[in-house]
Each structure stands twice: as structure tokens, then as C-alpha cells.
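Trainee: I'd like to learn how to read pockets and charged pairs in a model. Could you walk me through it?

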Amino acid sequence: MDMKNLINRPHFTAGGGGGELPPDAAIPTRIRVCLDNVVPYAGNPRQSRNPAYEEIKESIRAIGLQNPPNVTRADPSHPYMIRDGGNTRLEILRELWEETQDRRFFEFKCMFHPYTDDMDLLIKHCIENEMRGGMLLIERGLAALRFKETLESNGAHKCVSNKALARELGQKGWSVGDVVLGVALYAATLVDVIPVVLWSGMGKDQVQRLRKNITD
């Protein structure tokens with residue numbers, strides 16, 4: 001086997017005598033994974049339950065996993081991690097495996113993509129979440145705030161305006177208008193003050209009215 005093929009082979013464990021683990025694939029590669037070596041993306045912006053959860057679960061129960069999530073990882077010693085949406089599907093697979101012990105819910109083939117960075121994964125999850133059930137306003141706000149703070153802390157941007165932030169996000173594929181973005185960011189500042197109503201789904205109009213009452 002030539003060096004290119006050797007490097008691009010997927011690996012789950014170190015070979016033979018222990019030592020350093022072989023590198024992960026350097027290009028997108030189809031691999032087989034199981035629930036024991038895949039974890040959700042810890043920074044997933046969606047913290048509320050996917051409104052389509054039960055519908056997705058019954059679909060997977062009936063016909064299996066038709067759209068496997070993509071995975072990545074920063075280091076071969078780490079478990080594979082959901083790359084760009086699929087945390088709900090992974091949670092459902094775990095539930096179905098516990099309920100049925102049916103092997104088709106325990107392991108699946110999927111695409112491995114080389115790791116980029118955490119902000120790239122955050123934006124990919126935001127895009128996927130918007131396409132599959134949407135996100136709460138507060139979830140958008142907290143995700144955008146994380147991205148904004150990262151931009152401002154890297155030295156290249158001292159203070160990022162809402163328009164500049166919307167433009168940066170749009171260039172990465174997450175389209176959010178600067179007006180909605182401004183309200184979402186403001187909602188993120190309220191999360192420690194009124195967490196219950198925010199996480200119950202307080203939306204743009206309610207936050208704008210609240211903002212007006214506070215600032216007037």
C-alpha cells in the first residue's frame with residue numbers, strides 16, 4: 001500500500017505494539033463507526049429539544065438511519081465527534097439501541113472530514129440546525145456571541161459591529177440579518193436575568209419590546 005493510501009485509511013485504535021496512533025484521513029473518507037466511539041458536538045448551539053424529535057425517531061425506527069451525520073475529530077486519540085449537525089440523530093440512535101438492542105442502531109457508515117476548528121464547527125451546526133427545525137432566538141444569540149467574542153479576541157478585530165458580524169457569518173454560510181442578529185445578541189445578555197422565559201422560547205418581538213422598555 002502506498003503512503004497516500006496508508007495516511008488516508010481510517011483508524012480506530014493503535015496498531016500492534018501500542019505507540020503513537022496513526023493519523024486520521026487527510027481527505028473526506030467513508031468509515032464505519034459505532035455508538036461507543038462517537039460523541040455529540042459539545043458546543044452544539046441547540047440546547048432545546050428538537051421539535052421534530054419524535055418524528056425523526058419514528059422514521060429511523062421504521063427505515064433505519066438514511067442520512068448519517070458527518071464526523072470529525074481533532075486528534076486520533078479522541079472519539080469521533082458530530083461535525084455539522086446530527087446530535088439529535090445520535091441521541092435517537094442511543095435511545096433505539098437501548099430499547100431494541102438492534103445492531104442497525106448501534107453502528108453505521110458515515111463520512112469522516114478532517115478537523116478544522118471549533119468556530120467552523122459551530123457555524124456548521126448553526127446552519128444545520130436552522131435547516132432542521134430551527135433554533136430559539138437565545139440559541140442564535142449565544143452562538144453568535146461566541147463567534148463575535150472569538151473574532152474580537154484574536155487581535156484582528158477590536159470591536160465587531162452587528163453588520164460586520166452578519167457579513168462574517170453570511171460568508172461562512174449562516175445567513176442572519178443584522179437586525180435579527182442584534183436582537184439575538186441582546187437576548188444573550190439577558191440569559192442570566194430571565195433564563196426561564198428565554199429558554200421557553202421568547203422571540204424577537206418580545207425581546208424588542210423588553211429592550212425598548214428597559215432603555216426608554
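**Pockets and charged pairs**

Mentor: Let's begin with a pocket lining: by class, the second largest pocket is lined by three nonpolar, six polar and three charged residues. Keep in mind that this is a predicted model.

Trainee: How much space lies in the second largest pocket, and which residues line it?

Mentor: The general idea comes first: rolling a probe the size of a water molecule over the atoms shows where empty space is left. Here, the second largest pocket holds about 150 Å³ of space. Its lining includes Pro40, Tyr41, Arg46, Arg49, Tyr53 and Glu91. Helix 3 supplies the largest share of that lining, three residues.

Trainee: And what volume does the largest pocket have?

Mentor: The largest pocket comes to about 330 Å³. It is lined by 21 residues, and those closest to its centre are Ile56, Ile60, Asn67, Arg89 and Arg132. Helix 2, helix 3 (87–100) and helix 4 (118–131) are the elements that each give two or more residues to this lining.

Trainee: Which helix gives the most to the lining of the largest pocket, and how do the lining residues divide by class?

Mentor: Helix 2 gives the most, with five residues. By class, the lining of the largest pocket splits into five nonpolar, eleven polar and five charged residues.

Trainee: Now the charged pairs. How many salt bridges does the count come to?

Mentor: Again, the idea first: side chains of opposite charge can pair when their charged atoms come close. In this model, the count comes to 15 salt bridges. Take Arg61 and Glu99, which form one with their closest N and O atoms 3.3 Å apart. Arg61 sits in helix 2 and Glu99 in helix 3, so this pair ties together parts that are 38 residues apart in sequence.

Trainee: Are Arg61 and Glu99 buried, partly exposed or exposed?

Mentor: Arg61 has 29% relative accessibility, so it counts as partly exposed. Glu99 counts as partly exposed too, because its value is 46%.

Trainee: What about Glu130 and Arg140: how far apart are their closest N and O atoms?

Mentor: They are 2.7 Å apart, and the two residues form a salt bridge. Glu130 is in helix 4 and Arg140 in helix 5 (residues 137–153), so the parts tied together are ten residues apart in sequence. Glu130 is partly exposed at 27% relative accessibility, and Arg140 is partly exposed at 21%.

Trainee: Which residues do salt bridges with shared partners join into one network?

Mentor: That network joins Lys57, Glu58, Arg61, Glu95 and Glu99. Look at Lys57, which is found in helix 2 (residues 53–63).

Trainee: Is Lys57 buried or exposed, and which residues does it touch, leaving out those up to four places away in sequence?

Mentor: Lys57 has 7% relative accessibility, and buried means under 20%, so Lys57 counts as buried. Leaving out those sequence neighbours, Lys57 touches Ile92, Glu95, Leu96 and Glu99. Two of those names, Glu95 and Glu99, belong to the network as well.

Technical notes: Residues numbered from 1 in each chain as written. Predicted model: local features only at pLDDT ≥ 70, side-chain atom pairs only at ≥ 80, totals over all residues. Heavy atoms only, no water. Helix = DSSP H or I, 4+ residues; strand = E, 2+ residues; numbered from the N terminus. Buried < 20%, exposed > 50% of the residue type's maximum accessible area, 1.4 Å probe, protein only. Contact = heavy atoms within 4.5 Å. 1 Å grid on protein atoms, 1.4 Å probe; cavity = no way out; pocket = protein on both sides within 12 Å on 5 of 7 lines; lining within 4 Å. Points joined across faces, edges and corners; volume = space filled by probe spheres on them. Nonpolar A, V, L, I, M, F, W, Y, C, P; charged D, E, K, R; others polar. Salt bridge = Lys/Arg side-chain N within 4 Å of Asp/Glu carboxyl O.
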